[in-house]
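The following exercises are to be worked through with the sequence and the structure at hand. Each task is followed by a solution in steps.

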Amino acid sequence: MAMALSGELFEEPLTISDSARADALACLDTWDYDTLALQEASGGHALLLVGEALFERHKLHEPCHVDRAVLHRFLRALEACYGDHEYHNAMHGADVALGVHHFIVNFGLTARLTKLELLAALVGALVHDFDHPGTNNGHEVRAGTERALMHTDAILEHHHLHSTFKLLAVPDFDLFGAMPADDRELCRKLIVDMVLATDLKMHNDFTSTLSTLAAQHGATAAGALPSRENFTSPFQAQALVGVPLLLAVALKFADLSHCFKPFHIHKHWVERITNEFWALGDRERQLGIAVSPLCDRDKDSNVPKSQIGFFNFICVPFYSIVADLIDPTMLPWLRVQANLQEWGRRR
Ligand SMILES: [Zn+2]
């Protein structure tokens with residue numbers, strides 16, 4: 001993080017309209033939450049509003065010993081230092097926290113988690129790309145950055161965690177400061193495992209773990225299609241899906257969630273990631289190093305084609321298996337297929 005932070009920086013109250021606060025609450029009740037619109041309506045405070053609304057909705061403060069003033073400062077510090085890249089910024093953090101919330105609530109998994117595990121899930125989502133430099137792990141190595149010297153593997157994921165724990169080490173922002181030591185330790189471990197699972201290098205391994213589970217316990221294997229009668233998702237069973245796996249799936253599901261938004265929202269996120277990728281390609285050309293995949297604004301200019309590749313290699317294999325494991329008729333999976341078709345029409 002570029003700046004040294006103290007809680008005093010965030011003492012000044014914010015003027016946020018009641019309608020923006022209502023918008024944030026509405027995001028908690030629909031799969032079609034639009035964090036970009038919320039960011040605009042709230043004057044740049046989507047993450048703050050979403051974070052506070054999620055803690056209230058899940059009633060996390062008292063059972064988890066979280067002070068409201070500390071939470072407020074922590075969320076504002078996240079917003080201030082998330083990084084201002086077009087895609088990897090505080091809005092994405094807020095968007096992914098909403099995705100994790102919807103995954104847990106809409107798939108009936110709230111009862112699988114303790115309050116502390118729920119807190120870890122939401123905080124892990126909020127911080128999962130914190131202090132993002134607008135690069136990728138391959139770039140970090142090729143450019144020989146300080147981060148690549150500090151972390152040998154999953155460089156950015158370790159960096160997001162490092163920056164998060166550095167922030168939490170300042171008492172004004174220490175969300176876990178009043179927790180019993182065991183709870184702190186558990187929270188930290190759950191967040192570390194979740195964030196490390198977002199490394200796309202692990203994506204295929206991750207998908208095959210879920211495939212193995214689906215082959216034995218998915219709706220297709222259970223003969224539960226198309227009616228789903230008598231089908232209980234393995235996600236309901238602790239013996240089949242432990243909490244760390246459940247949280248990792250929730251975070252991955254949410255991290256890619258723009259691909260299941262209504263097309264006009266999805267397209268905004270795609271424009272943002274594309275611009276961020278191309279800006280990185282420009283920097284790489286200046287540095288005289290190889291340009292990262294999809295980051296060459298001349299060669300990778302066909303956005304529909306890039307999206308079709310992204311859907312076919314990353315999104316479809318993942319969401320189809322998650323749907324088979326939880327609910328084959330889930331709206332996100334239907335949307336992924338519809339959005340893929342729409343890119344096909346635009347190609
Ligand atoms: Zn992310």
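**Exercise 1.** Is lysine 59 buried or exposed?

*Solution.* The model is a predicted one. Step 1: lysine 59 is found in the loop between α3 (46-57) and α4 (61-64). Step 2: the relative accessible area of lysine 59 is 57%. Step 3: exposed means over 50%, so lysine 59 is exposed. As a further point, lysine 59 is not a glycine, yet has a positive phi of about 50°.

**Exercise 2.** Determine whether aspartate 131 is buried or exposed.

*Solution.* Step 1: the loop between α7 and α8 contains aspartate 131. Step 2: the relative accessibility of aspartate 131 is 15%. Step 3: buried means under 20%, so aspartate 131 counts as buried. Aspartate 131 has a positive phi of about 60°, although it is not a glycine.

**Exercise 3.** Identify the residues that coordinate the zinc ion, and classify the site.

*Solution.* Step 1: the zinc ion is coordinated by His92 (NE2), His128 (NE2), Asp129 (OD) and Asp255 (OD), at 2.1 to 2.2 Å. Step 2: the angles among the 4 donor atoms are 87 to 174°. Step 3: a tetrahedral site would need all angles between 85 and 135 degrees; the site of the zinc ion is irregular.

**Exercise 4.** Explain why aspartate 129 and aspartate 255 tie together parts that are apart in sequence.

*Solution.* Step 1: the donor residues of the zinc ion follow the spacing H-x35-H-D-x125-D. Step 2: aspartate 129 lies in the loop between α7 (115-127) and α8 (137-142), while aspartate 255 belongs to helix α13 (residues 243-255), so the pair ties together parts 126 residues apart in sequence. Step 3: aspartate 129 is buried at 8% relative accessibility, and aspartate 255 is buried at 17%.

Definitions and conventions: Residues numbered from 1 in each chain as written. Predicted model: local features only at pLDDT ≥ 70, side-chain atom pairs only at ≥ 80, totals over all residues. Heavy atoms only, no water. Donors = N, O, S within 2.8 Å, 3.2 Å for Na, K, Ca; no water. Tetrahedral: all angles 85-135°; square planar, octahedral: opposite > 155°, others 65-115°. Helix = DSSP H or I, 4+ residues; strand = E, 2+ residues; numbered from the N terminus. Buried < 20%, exposed > 50% of the residue type's maximum accessible area, 1.4 Å probe, protein only.
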